[in-house]
Every structure is written in structure tokens, then in C-alpha cells.
Amino acid sequence: AATSSRAATVASAVNRLVESISLIKYLPQKRSTIQPVAALRWHAGHDRLAAHPVFASCTRREIRRIYRFGDELEVAADTVLLHEDRIGYWFVAVLAGSLQLTRDGTTVGTLASGAYAGHEAILGCGPQPATVEAATTAHVFVLGRRQFLSVVYVMPSVRGVLLPGDWRARVAELRRQGAEAW
């Protein structure tokens, strides 16, 4: 008799729990300001980022996270994105178009689709080695310093592309160069 009354008590508790859970779905849901619903769905922006060589080996989950961290921008020609000899705040991945690298007013290179800039100044805690300016209208993906460092240190797929081989030794070398440059 004691086990049947205990079973009835457990059954009653389970029924109350099921009822309370079913009521929860009807309560108004608070939307997160950090992660909008549209950011959860895979869209063309994710495809463009996944096609970039730096992010090509990332999982879909990693691409979503990286995309939430950064900004996809269309920049007009002659727009300066990074300034030479200034603190590195931005990592720029070129999705389309081209960027021009200048040092002391002299053109030293061009970055086309699939290239990137800003990583050396951020990882090395040193100044930007060159000014990066849009040579044509360009489509870029930009990550801030904090987000970029998080991506590099947490995602081995990105770290392997940016810092092949012994990445810790490469970062130490960049930091040494950055300290000398200041």
C-alpha cells in the first residue's frame, strides 16, 4: 500500500511538472539583443565569409560565430581602412575588390580578393606596418582587435592559416618586432 501511494505521489508530481512546462511555451519570450534571430540562419554573408581562404576550413558553427563578431562592409575607393604606424585595432579580410598598401607614401603592394591585413599589428602589439586604402570599391569583412584575438586563440582552423607551424613562436616573434617598432 505504501508503494502505491508513493507511486501516486510521484505521478501527481510528474503531471504538475508537465503542466507547468507546457505553460512555459505560452509565456512571452524575451528576445536577446546580442544574438538576433536572423543571425542564426545561414545566409549569403556566411557563404561569402566561408569562401575566404582564412575561414575556408571553419565549421558552419564557427562561421556563424565569426560573422556575429565582425562587420561586412562595402567601402568606396580611396577609403583608408588602416593607418601606418598606428595601433592595430582592425583585421580586414578582402571579400571582393582590391586594397592598396602604402608605406611612407609609396605603394608597396596590393591586396586582392582572398587577402587580409591588420593581423601582424594586432598579434604583435605593434604599429600597422602600412596604410591600407581601398584601390577600388571593395567588399571587406572587419574584426575588431578583441574579437580577432578570440577567433585566433580559440579556433585552430583560423590560427593554422594565419600562423602556420609553431604559432606560439610566431606570435612571440611578432611581439618582439612590435616592441622594437615602437
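# Close-up views of a predicted model

The structure holds 0 disulfides (a disulfide is a pair of cysteine sulfur atoms within 2.5 Å). This is a predicted model, in which local features need pLDDT of at least 70, side-chain atom pairs count only at pLDDT 80 or more, and totals for chains, interfaces and linings use all residues. Residues are numbered from 1 along each chain as its sequence is written, and side-chain values use heavy atoms, with hydrogens and water left out.

**View 1. Overall content of the protein.** The protein has 8 helices and 8 strands. Helices (H or I, at least four residues) and strands (E, at least two) are DSSP runs, numbered from the N terminus. Of its 182 residues, 35% are buried. Buried means under 20% relative accessible area, exposed over 50%, and partly exposed in between (1.4 Å probe, protein chains only). Among contacts with a separation of 6 or more, 71% are between residues 24 or more positions apart. Contact here means heavy atoms within 4.5 Å.

**View 2. The largest nonpolar core.** This core has 24 residues, and Phe55, Ile66 and Val158 touch the most other members. A nonpolar core is a set of buried Ala, Val, Leu, Ile, Met, Phe, Trp, Tyr and Cys residues joined through side-chain atoms within 4.5 Å. At least two residues of the core come from each of α4 (60-69), β3 (90-96), α5 (119-124), β8 (138-144), α6 (145-154), α7 (156-162) and α8 (167-181). Beyond its neighbours within four places in sequence, phenylalanine 55 contacts Leu49, Ala50, Ile63, Ile66, Phe91, Ala93 and Val158. Another core lies apart from this one; its 16 residues include Leu111, Ala130, Ala134 and Val140.

**View 3. The open sheet β1-β8-β3-β6.** Four strands pair in antiparallel fashion, in the order β1-β8-β3-β6. Two strands pair if DSSP finds at least two bridges between them. β1 (71-75) and β6 (116-117) are the edge strands; each has a single partner strand, so one side of each lacks a neighbour in the sheet. β3 and β6 are antiparallel and share 2 bridges. Alanine 93 stands opposite tyrosine 116 in β6. Helix α6 packs on this sheet and touches β3 and β8; its direction makes about 80° with that of β8. Axes are lines fitted to C-alpha atoms, for helices over the stretch in contact, and angles run from 0 to 180 degrees between N-to-C directions.

**View 4. The open sheet β2-β7-β4-β5.** This sheet also has 4 strands, ordered β2-β7-β4-β5, with antiparallel pairing. Its edges are β2 (80-82) and β5 (106-111), each pairing on one side only. On average, neighbouring strands of the sheet are turned by 30° against each other, direction ignored.

**View 5. Strand β7 and its partners.** On one side, β4 (residues 99-103) runs antiparallel to β7 (residues 131-134), with 4 bridges joining the two. Glutamine 100 has glutamate 133 of β7 as its bridge partner. Leucine 101 stands opposite valine 132 in β7. β2 pairs with β7 too, in the antiparallel sense, over 2 bridges. Here leucine 82 stands opposite valine 132.

**View 6. Helix α3 and its buried side.** In α3 (residues 44-51), the buried residues are Gly45, His46 and Leu49. They lie on the same side of α3, because they cover an arc of only 100° around the axis. The arc is that of the directions from the helix axis to the C-beta atoms. An α-helix has 3.6 residues a turn, so residues three or four places apart point the same way.

**View 7. Histidine 52 in its loop.** Histidine 52 is placed in the loop between α3 and α4. Its relative accessibility is 2%, so histidine 52 counts as buried. Leaving out residues up to four places away in sequence, histidine 52 touches Ala93, Val94, Leu95, Gly114, Ala115 and Tyr116.

**View 8. Arginine 86 in its loop.** Arginine 86 is in the loop between β2 and β3. Not counting residues up to four places away in sequence, arginine 86 touches Gly126, Pro127, Gln128 and Trp182. Threonine 131 is 45 residues from arginine 86 along the chain, and their C-alpha atoms are separated by 9.2 Å.

**View 9. Two cysteines.** Cysteine 58 has 12% relative accessibility and so counts as buried. Cysteine 125 has a relative accessible area of 46% and is therefore partly exposed.
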